[in-house]
Every structure is written in structure tokens, then in C-alpha cells.
Amino acid sequence: MRKRIFSTGISAVLIGSMLLTACGGNSSGGSSSSTSAAGETSTAATGDSSAAAESADPFGKYDPPINMTFARTVDNDLNDNILPKTPGETIDSNRWLDLYSDELGIDISYAWTVRGGLNDDAYTQKLNVTIASGDLPDVLIVNRTQLKQLAESDMIADMTEFYDQYASELTREVYNSEGPGILQSATFDGHLMAVPYADASVESTHYLWIRQDWLDKLQLDPPKTMQDLLNIADAFTTRDPDGNGKDDTYAMAVTKDLYSGAMGTEGFFAGYHSYPNMWVKTDDGTLAWGSVLPETKDALKALADMYAAGELDPEFGIKDGAKVAETIAAGKVGIDFGEQWNPMYPLISNYQNDPEADWVGYPIVSADDTLPKVPQKFRTQWYYAVRKDYENPEAVVKLINMHLEKNWGEDNDFNHYYMPVENGAVGVWKFSPVAPAPTNKNLEAFNEIEKARKLGDMSILEGEPAVIQTNLEAYYNGDTTQWGWDKIYGENGVFHALNGYIENGQVMREEFVGAPTPTMVDKQSSLKTMELEMFVRIIMGDVSIDEFDKFVENWNALGGADMTAEVNEWYQSVKN
């Protein structure tokens with residue numbers, strides 16, 4: 001019998017660059033045996049779910065083996081970092097594919113691969129062509145809108161009974177870790193139409209990253225209020241914090257996209273009790289899109305004032321994250337709102353260019369006497385959808401069970417299957433075509449390391465906390481490439497701030513976690529484009545702050561009101 005999870009953590013850098021691999025192949029190439037694991041009966045073939053429930057084994061091996069075709073993305077980390085450090089292994093032949101074949105009897109092959117990630121155009125275009133052709137692979141990894149399209153077209157299998165019968169104890173623990181939301185997001189009319197890639201809402205938490213060396217040079221204290229932060233922003237802009245005698249520094253890093261895990265604005269908006277780009281509960285108990293609430297106007301006004309004072313890059317409105325990261329690397333910015341992994345990217349580039357650059361993560365601050373809520377956007381956006389006529393849909397659940405078990409089960413082999421020290425602690429988990437992970441393990445890893453620090457006994461650490469501690473010790477012994485680990489998991493690491501958020505009751509999860517509503521499918525993309533364009537224009541002073549009120553009217557008239565009504569209809573249905 002498999003055991004329950006023990007606490008561990010995922011590396012911060014991998015959270016920032018996590019590969020959500022896609023699955024595919026064509027129908028003929030993905031044929032598989034209709035015989036399930038020894039002693040089991042495939043419910044896809046018989047429909048006898050009660051009989052299958054009695055014999056279903058979450059880790060049962062298929063005999064004879066079955067075939068499952070996947071397609072996948074290959075990101076830069078996998079291509080340029082992991083593969084070179086794991087000689088003898090390839091995308092098509094590696095420890096994970098061997099494991100699935102040897103222990104589960106599932107032989108995996110890839111019909112096609114594309115360079116980049118799931119959000120990149122190459123994958124989007126290839127996937128859209130595949131869906132349009134109707135010649136689906138055995139398994140697809142799709143976003144919420146694509147999942148809705150496939151479900152409504154009756155092209156994918158109903159996974160309800162297969163998840164119920166085959167999900168292991170650990171899998172259920174992970175998928176219930178944020179309440180019902182993760183599974184609800186893939187549920188249509190009561191049917192689970194895919195198994196979600198369980199992403200962690202806690203990882204969307206923003207922190208206030210500040211150059212401590214600049215604070216020290218200008219004899220400033222860390223901010224405790226928004227006014228403190230605005231005073232620091234002025235000083236970082238006008239008092240030559242880099243000491244080069246030139247007026248060439250800006251206060252805060254912001255990209256043209258505004259909302260981002262690095263160089264974003266969510267943490268700044270939250271200081272004004274504004275929560276754009278997510279569905280929030282209002283005082284009357286209904287849900288609303290945070291971007292159109294009155295508090296957002298206050299935050300935009302503050303950003304516009306900063307821009308007018310020269311505290312933001314005058315060209316931020318045309319710069320993506322990569323361009324803004326170059327400004328950080330050049331040492332021209334001292335404030336960054338972003339997630340816990342920011343020391344891994346982009347902040348370490350500043351440190352590499354200037355060893356005196358000392359970025360420290362602090363809690364976000366408030367514009368008044370009320371502690372700000374800290375938004376945690378619902379992050380589960382990708383789903384493993386199984387071709388309707390695939391004969392062993394439960395096999396996907398078994399792959400997920402095995403991936404979780406080998407990395408975080410009580411009898412795990414973390415060092416071999418996740419971040420092997422002998423291979424430079426690279427994320428070999430990316431070789432797997434499925435890659436679920438416990439949602440709270442980063443914080444749990446930090447807390448385990450903290451406990452070991454207090455006890456003065458690092459030998460008690462196992463799994464990823466032990467790997468992280470190895471990286472910390474490498475940094476303390478002079479390996480400057482490990483600088484980011486100290487900023488996240490060290491004695492003054494940023495997870496202290498997350499523990500504070502939790503202890504103070506500041507965490508605010510996004511309220512809408514359902515499948516896309518009809519209006520979302522039709523209108524949300526254009527509404528988001530309109531929102532970003534208007535907000536950037538307001539901040540840059542192209543239009544008056546009063547244009548916000550007109551924007552709200554237009555947003556509602558162009559579909560926002562209908563979308564809000566649909567969201568609240570869903571909300572009432574899950575509350576009752």
C-alpha cells in the first residue's frame with residue numbers, strides 16, 4: 001500500500017520556468033491493448049464501473065503492455081541545461097519513460113515535439129492544427145478554453161469514473177489541497193473531462209523585492225507603509241543610489257503586460273486594496289472582476305503619479321519582461337514586485353554584474369492602516385485530456401500517481417527522479433510527460449529547513465529540502481551561482497513573509513475556479529486587451545485618470561456584465 005505524502009519543496013527556479021508537457025500522437029499510432037493490469041477490467045471497454053472499482057489498482061501494471069503516444073514541448077532549460085547534464089538520456093529514452101514501462105507497463109512515445117513552452121506560439125499553432133484535424137493523439141494537454149471546446153465537441157473521454165477509481169491516496173491529497181477548485185476547473189455538468197495539471201495558487205503570491213544596498217547607502221529603512229515605499233521610490237530616482245553621478249535610475253520595474261510573476265504590479269495594486277486580473281468576492285457576497293472595482297482607480301492614480309515623477313521607465317509601455325530584465329541586470333532599478341523565484345530570474349543577473357547588489361524580499365505594504373490582502377490567483381490552467389476512443393484512459397491517472405509517488409511519496413526516490421545531485425541538481429522531472437506536484441511544497445520545504453536550522457541538525461532533511469540545503473551550503477562556501485537559493489530559503493529568506501501573510505490572515509484566493517463561461521470564451525481575450533491598453537495609457541498620462549470610469553462602462557457593455565452574471569451563476573451553484 002502506498003503511503004501519504006511527506007513535506008518537501010519544489011525549487012524556486014523551476015516554478016518560474018515549469019514545463020507543462022503536452023501529450024499527443026495520432027489515433028493509429030496510439031492504439032493500445034484493451035486488457036488492463038492483471039486482475040483489472042478496463043471500464044472503457046466494459047462500462048462496469050462497480051466491478052472495476054473493486055479491482056482497480058492505482059499502480060497496477062498492464063500485461064501485456066499498452067502504448068500511449070504523447071507530443072510535447074521542449075523548453076530551453078530541458079534542451080540547454082538538463083540534457084547536457086544527463087548523458088545517455090534523451091527526450092525519447094530516459095529514466096522516466098523506463099520507469100513507466102517497467103513498473104506500469106505503459107510504453108510512451110512522442111508523435112511530435114516543439115521547442116518552447118505551452119504558452120509559446122509554436123505549441124499553440126501545432127495544437128490548434130491537431131484539434132482542427134480531428135485526428136487527436138491519445139492524450140492532449142490543453143488550456144481551459146480548449147478543454148471546453150473538446151468537451152462540447154464530444155472528442156475526449158469523461159474521466160470521472162477513472163479518477164474516482166484509480167487516483168492514489170497521494171494524488172487525492174494533492175488534488176484536494178486547494179479545496180474543490182482544482183477538479184472543479186475541469187468539470188462540465190458534473191463530469192470531470194480531464195485531469196488537471198495541479199498548479200499552486202500560493203506560488204502567485206507577490207513580495208516586495210528591494211535593493212537593500214541602495215537602502216543602506218541612502219540611510220533608508222525598509223518600507224512598512226505605502227508612503228514609505230513611495231518615499232523610497234523618490235529617493236531611488238533622485239538621489240543617485242548607484243553612485244555614478246548620473247540621473248539614470250528608476251524606482252520600480254514594470255512591464256507593458258502589468259500582471260506578471262516578475263516585474264508585475266499585483267503587489268502594488270494590493271497595497272491599495274485593489275486586486276485586478278482576478279475574480280474577487282465583494283462586500284455584498286457576489287463576485288466581481290477586480291480590475292473594474294473603484295480601488296483600482298486609486299492604484300492607477302498612484303502609478304500615474306510615479307510615472308510623471310520619472311520613477312518608472314518612460315518606455316515601460318512597450319517593453320516586455322525580457323527587456324525590463326535587462327534594465328534590472330544593468331543596475332538601473334531598485335524595486336520589483338514579484339513571486340518567490342525572482343532571485344533566480346531576473347534579480348540574479350544584477351548580482352552577477354554587481355556583487356554588491358543585495359536584493360531582499362519584504363512583505364507588501366498598505367496605503368492605510370488595514371493590512372493588505374495578498375492575492376493568490378488560481379493557477380491551474382492546463383489539463384490532461386484523453387482522446388475519447390483511447391482504450392485505457394485510466395492510464396493517465398496511473399502516470400500521475402507514479403510521478404507523485406516517486407518524488408513525494410513516503411518511499412520516494414527524489415534524488416533520482418526529480419533533482420539528482422550527481423547531475424548538478426537539474427530538474428530531470430521534465431523528462432516525464434506528466435508532471436503534477438504538491439501545491440504547498442515550497443513553503444513546506446522552507447519550514448523544514450527552518451526547523452533543522454533551529455535544531456542545529458541538517459541531517460534530518462530529506463528529499464528536496466536536503467537538495468536545497470546543499471545549494472545553500474554551496475553558496476555559503478563561495479559558489480555565487482547559488483545566490484538565489486539564499487534569498488528564498490536562507491535564514492532571511494522571503495518565505496518568512498509568506499508565513500507572516502498566513503499568520504495574519506492576509507491570503508486571498510481567487511474565487512472563480514470553474515470552467516470558462518460562454519462569454520469568457522467569446523469576449524474575455526478582447527476585454528483583457530482593452531484593459532491593459534487603457535491602464536497603460538492612464539499610467540503614462542496619455543489619458544486622464546477619469547477615463548477609468550468610462551473604461552468600466554465599456555467593459556460592462558462589451559461583455560463584462562454578462563461574464564460577471566455567468567460567474568455569479570456558477571458561484572451560486574457551487575455554494576448550494
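Q: Which residues of α6 are buried?
A: This is a predicted model, in which local features need pLDDT of at least 70 and side-chain atom pairs count only at pLDDT 80 or more, while totals for chains, interfaces and linings use all residues. Residues are numbered from 1 along each chain as its sequence is written, and side-chain values use heavy atoms, with hydrogens and water left out. Buried means under 20% relative accessible area, exposed over 50% and partly exposed in between, with a 1.4 Å probe and protein chains only; helices (H or I, at least four residues) and strands (E, at least two) are DSSP runs numbered from the N terminus. On these terms, the buried residues of α6 are Y123, L127, T130 and I131.

Q: Within what arc do the buried residues of α6 fall, seen down its axis?
A: The arc is that of the directions from the helix axis to the C-beta atoms. The buried residues of α6 line one face of the helix, because they fall within an arc of 95 degrees.

Q: Which exposed residues does the face of α6 turned away from its buried side carry?
A: The buried residues of α6 pack, through contacts (heavy atoms within 4.5 Å), against β1, β2, β3, α7 and β15. The face turned away from that buried side carries the exposed residues D121, Q125, V129 and A132.

Q: In what order do the four strands of the open sheet lie?
A: Two strands pair if DSSP finds at least two bridges between them. Strand β8 (residues 207-211) is joined by four bridges to the antiparallel strand β12 (residues 333-338), and β8 also pairs with β13 in the antiparallel sense over four bridges. The pairing in the sheet as a whole is mixed, and the order is β9-β12-β8-β13.

Q: Which residue of β13 is the bridge partner of W209?
A: In β8, Y207, W209 and R211 point one way and L208 and I210 the other way. Five of the five residues of β8 are buried, so this strand is largely enclosed by the rest of the structure. Towards β12, Y207 has G338 as its bridge partner and L208 has F337, whereas in β13 the partner of W209 is G361.

Q: With which residues is M252 in contact, leaving aside its neighbours within four places in sequence?
A: A nonpolar core is a set of buried Ala, Val, Leu, Ile, Met, Phe, Trp, Tyr and Cys residues joined through side-chain atoms within 4.5 Å. Among the 179 residues of the largest such core, M252 is one of those that touch the most other members, along with L147, I335 and Y489. Its contacts beyond those sequence neighbours are F268, L303, M306, E311, L312, V333, I335 and F337.
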